[in-house]
Amino acid sequence: MESPTNPTLRVVDFKKVATLAKEHKLLSMIDATFGTPINQHPAQFGIDLIMHSGTKYLAGHTDLICGVVAARHELIERIWETRTTLGNCMDPHASWMLVRGLKTLAVRVARQNENAQRVAEFLAEHAKVRSVHYPFLKNHPQYAVAREQMSGGGGMVSFEVEGTGEDARKVSESMRLFTLAPSLGGVESLVSIPVLTSHAMVPAAERAKMGATEQMIRLSVGIENADDLIADLEHALQAVAAPQHVQVG
Ligand SMILES: Cc1ncc(COP(=O)(O)O)c(C=O)c1O
C-alpha cells in the first residue's frame, strides 16, 4: 500500500491492512514517502516493511536519489543479500548528503506540516477551488484514521480548480514561488499536474477510478514563509477563467 496516496492524499488504515495480511500469512508493505518517519510509524501498527523514496523528505534538498527500507532484522537480511548481489549501492557523497539532510528532517517536516495545513485551509475557502485533499482537513474522508495514525498532515496537498485542465495548467505555470517540477519533499515548494507528469502513463479509466482528474494540481509545500506561499497561490488562481454567465431571454 501507499499512505497517504499520491496524488489524492487518501489515507489507508494500517491496522486493517496489517490484520488482513496476518490472516492470510502475507507480508504487508508500505510506500510511506508522503507520511515521512516523523508523521507516522507504520511498524507500530504491525506493518512489516516500510519503504521511503529517500530522494524526497529524508534527503530534503532535491539533490540526490536513494531508496530506504526498514523492517525486522530477518527481512532486512534477505534484502541486504539481494542488494549486495545486484550491486545497487549509493555513492559515498550522496550517502553523506543524505545523512546531513536527516539531521534537519524533524524541523523541516514540522514546518512543512504547519505550512501545508495553512495552504490547505486557504484553498478550501477559495471560490476558484472545487476540492482540496489534505489528511488533516476536517472534511477529509479518512480524517479520523489520519488523526489516529499520523501526528502531522504532511507537506503534500492536492486540489482541483473550478475549471478545466487547461485552467489547472495555467495556474501551475503562473506560480512564482512554487516551482513547476515533478519531485517533492524538499525545502522548496513545488507544483505539478499529476495527469501530465507522475500519472501521464496511467490509463484515463484508472486515473478516473483513483480520482486523479485533469483539474488536479499537486503541491509539495516547502519551508518558506506561509504568507508568501498563500499570496503566490492567490495570484496564480487568478488565471482560472471566470465562470461563464449564460444570459437567458
Ligand atoms: C510516493 C513515491 N514513492 C516512490 C517514488 C520513487 O522515488 P525515487 O525517485 O527515489 O525512485 C516517488 C517519486 O516519484 C514517490 O513520489
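In this predicted model, the cover over the buried residues of helix α7 includes the strands β5 (156–161), β6 (179–180), β7 (190–192) and β8 (216–220), together with the helix α9 (226–237). Helix α7 itself spans residues 165–174, and its buried residues are D167, A168, V171 and S172. When the helix is viewed down its axis, these buried residues fall within an arc of 135 degrees, so they line one face of α7. An α-helix has 3.6 residues a turn, and therefore residues three or four places apart point the same way.

At the level of the whole chain, the protein is divided into domain 1, which covers residues 14–102, and domain 2, which covers residues 106–237. The C-alpha centres of domain 1 and domain 2 lie 24 Å apart, and the contact between them takes 13 residues from domain 1 and 15 residues from domain 2. On the side of domain 1 that touches domain 2, the largest share, three residues, is provided by helix α2 (residues 36–39). By residue class, that side of domain 1 comprises five nonpolar residues, seven polar residues and one charged residue.

The ligand, for its part, is surrounded by N6, D31, T33, F34, S53, T55, I65, G67 and L184. The shell formed by these residues around the ligand divides into three nonpolar, five polar and one charged.

Terms used
Residues numbered from 1 in each chain as written. Predicted model: local features only at pLDDT ≥ 70, side-chain atom pairs only at ≥ 80, totals over all residues. Domains from an automatic or database assignment. Contact = placed C-beta atoms within 7 Å. Helix = DSSP H or I, 4+ residues; strand = E, 2+ residues; numbered from the N terminus. Nonpolar A, V, L, I, M, F, W, Y, C, P; charged D, E, K, R; others polar. Near = placed C-beta within 6 Å. Buried ≥ 20, exposed ≤ 12 C-beta atoms within 10 Å, placed from the backbone. Arc of directions from axis to C-beta.
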